[in-house]
Amino acid sequence: MAQAEGYDASVFYAFFASAGLETIAEDTSNAGRLDLAVRYADQVFLFEIKTDAQPSGSALAQINDRGYADKYRAEGVPIHLVGVEFSRDQRTLTRLEVQTIPA
């Protein structure tokens, strides 16, 4: 399980859910499934998590390319797009990108 990309997403899910935040795993849209959506303090955080991403930066690019934020825009709250990339070989976080869409 630790070799699967879903493992990393499940760790994020467990963290946010145990903190009592509204957390949606595999948030579905017409363009695909976002790994994780979290609501906190009148804000929405959208996470795409990649393991050994090629090319680098593809996690955030996927959020934008597939329009995962579109279903939240009508709420009138800030939306934070978070691309997280890990390397199995290096056993570390290799890239973290955040883009904010203001309310």
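**Ground rules.** I number residues from 1 along each chain as its sequence is written. Because the model is predicted, I ask for pLDDT of at least 70 for local features and 80 or more for side-chain atom pairs, while totals for chains, interfaces and linings use all residues, and side-chain values use heavy atoms, without hydrogens or water.

**Aromatic pairs.** I looked up the ring pairs and found four. Rings of Phe, Tyr and Trp (its six-membered ring) pair if their centres lie within 6.5 Å; planes under 30 degrees apart are stacked, over 60 edge-to-face, and the rest tilted. F12 and F86 are edge-to-face, because their planes meet at 70°, with centres 6.3 Å apart. F12 sits in helix α1 (residues 5–18) and F86 in strand β4 (residues 79–87), so this pair ties together parts 74 residues apart in sequence. Helices (H or I, at least four residues) and strands (E, at least two) are DSSP runs, numbered from the N terminus.

F15 and F16 are also edge-to-face, at 5.3 Å between centres and 70° between planes. Ring pairs join F12, F15, F16, F47 and F86 into a cluster.

**Buried or exposed?** I checked relative accessible area (1.4 Å probe, protein chains only): buried is under 20%, exposed over 50%, partly exposed in between. F86 is buried at 18%, and F16 is buried at 15%. F15, at 56%, is exposed.

**Strand β4 again.** I followed β4 to strand β5 (residues 92–101): the two pair antiparallel over nine bridges, where pairing takes at least two DSSP bridges. H80 has T100 in β5 as its bridge partner. Their hairpin has four residues between the strands, and R91 there takes a positive phi near 55°.
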